[in-house]
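Please open the structure in a viewer with chains coloured separately.

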Amino acid sequence: MAAVTPSIRVGPEPVDVAGEQAAACAGRSDIGAVVAFTGLCRDEGGQLAALELEHYPGMAEAEIGRIADEAVTRWPLLGLRVVHRSGRVLPGETIVLVVAASAHRAAAFEAAAFLMDFLKTRAPFWKKEHRADGSAGGWVAAKDEDDAATERWAR
Amino acid sequence: MRVVYFAWVRERVGVEEEDVDLPADVATAGDLVDWLRTRSPNHAFALEEPRAIRVAVDRVHAQPDAPLAGAREVALFPPMTGG
């Protein structure tokens, strides 16, 4: 069975979660499990007005593609779609969406978690905060726990 | 060779990208970071903590010992915070 070709998209448009899930399943009846992970922008207790998402055009898509290609070699996926926002994102809006489809749930759950762990630490995106009180926000710092989450997939 | 910067590295250097002619003794990604640090006070400030700098060579993540021979674009940036 040929591995699926992942769909990767990076851009400023709002993310259509339902549409992406429908696209992952369109025209097939062999999918028994779809896991859709949605990462949202928090308002941090009302202190955050927006996040500015900077990315490395070209490399961002390529690096997500490399992570997705690794996922389809590890799990028997029947669909895989990744959408990542760039530019200004408001609290409540979607930053990232991973849709993983498979015949049975374990592969879809694990592949979605794998994608997110590697996206966090390998995909060239950086978040800058815009604060609600108008003061200068800073760059969001990388978290050690995200590196630890990535390392659990080593084999 | 083109050098591009992102996030706070870009802000501190003060430019998004620049074209550089590498000295013969700059052979690796790590050498490049060391050499760029000598170019201006802004570069020195941006790259003062080498462990906080990630490097991509032609849009692929690279370690400090990665060779630069033949590279067209090297990017320097802080640890990533996407997702």
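**Stop 1**

Select Arg81(A), which belongs to strand β4 (residues 77-85) of chain A; helices (H or I, at least four residues) and strands (E, at least two) are DSSP runs, numbered from the N terminus. The model is predicted: local features need pLDDT of at least 70, side-chain atom pairs count only at pLDDT 80 or more, and totals for chains, interfaces and linings use all residues. Residues are numbered from 1 along each chain as its sequence is written, chains are lettered from A and ligands numbered from 1 in the order in which they are written, and side-chain values use heavy atoms, with hydrogens and water left out.

Arg81(A) has a relative accessible area of 19% and is therefore buried (buried means under 20% relative accessible area, exposed over 50%, partly exposed in between, with a 1.4 Å probe and protein chains only). Its side chain makes a polar contact of 2.7 Å with the side chain of Glu20(A). A polar contact is a pair of N or O atoms within 3.5 Å; within protein, one must be able to donate a hydrogen and the other to accept it, and residues adjacent in sequence count only if both atoms are side-chain atoms.

Between Arg9(A) and Glu20(A), the closest N and O atoms are 2.8 Å apart. Arg9(A) lies in strand β1 (residues 7-11) and Glu20(A) in helix α1 (residues 17-25) of chain A, so this pair ties together parts that are eleven residues apart in sequence. Glu20(A) is buried at 6% relative accessibility, whereas Arg9(A) is partly exposed at 39%.

**Stop 2: the interface**

Display both chains. Here 25 residues of chain A are in contact with 19 residues of chain B, contact meaning heavy atoms within 4.5 Å. The two chains bury about 1,900 Å² between them, 57% of it on carbon and sulfur atoms; buried area is the accessible area (1.4 Å probe) that two parts lose on being put together, summed over both. Highlight Tyr56(A), Trp126(A) and Trp139(A), which supply 35% of the area that chain A buries against chain B, more than any other three residues.

Next, select Glu54(A), in strand β3 (residues 48-55) of chain A. Which side chain of chain B does Glu54(A) join in a polar contact? The partner is Arg10(B), at 2.5 Å. Glu54(A) counts as buried, at 15% relative accessibility. Two salt bridges are counted between the chains; Glu11(B) forms a salt bridge with Lys128(A), with 2.5 Å between the closest N and O atoms.

**Stop 3: the sheet of chain B**

Switch to chain B and show the cartoon. An open sheet of five strands runs in the order β2-β1-β5-β3-β4, with mixed pairing (two strands pair if DSSP finds at least two bridges between them). Strands β2 (17-19) and β4 (60-62) of chain B stand at the edges, each with a single partner strand, so one side of each lacks a neighbour in the sheet.

Zoom in on β3 (residues 54-57) of chain B, which is joined to β4(B) by three bridges, the two running antiparallel. Val55(B) has Ala62(B) as its bridge partner in β4(B).

Finally, select Asp19(B) and Arg2(B), whose side chains meet in a salt bridge (3.1 Å, N to O).

Key
Salt bridge = Lys/Arg side-chain N within 4 Å of Asp/Glu carboxyl O.
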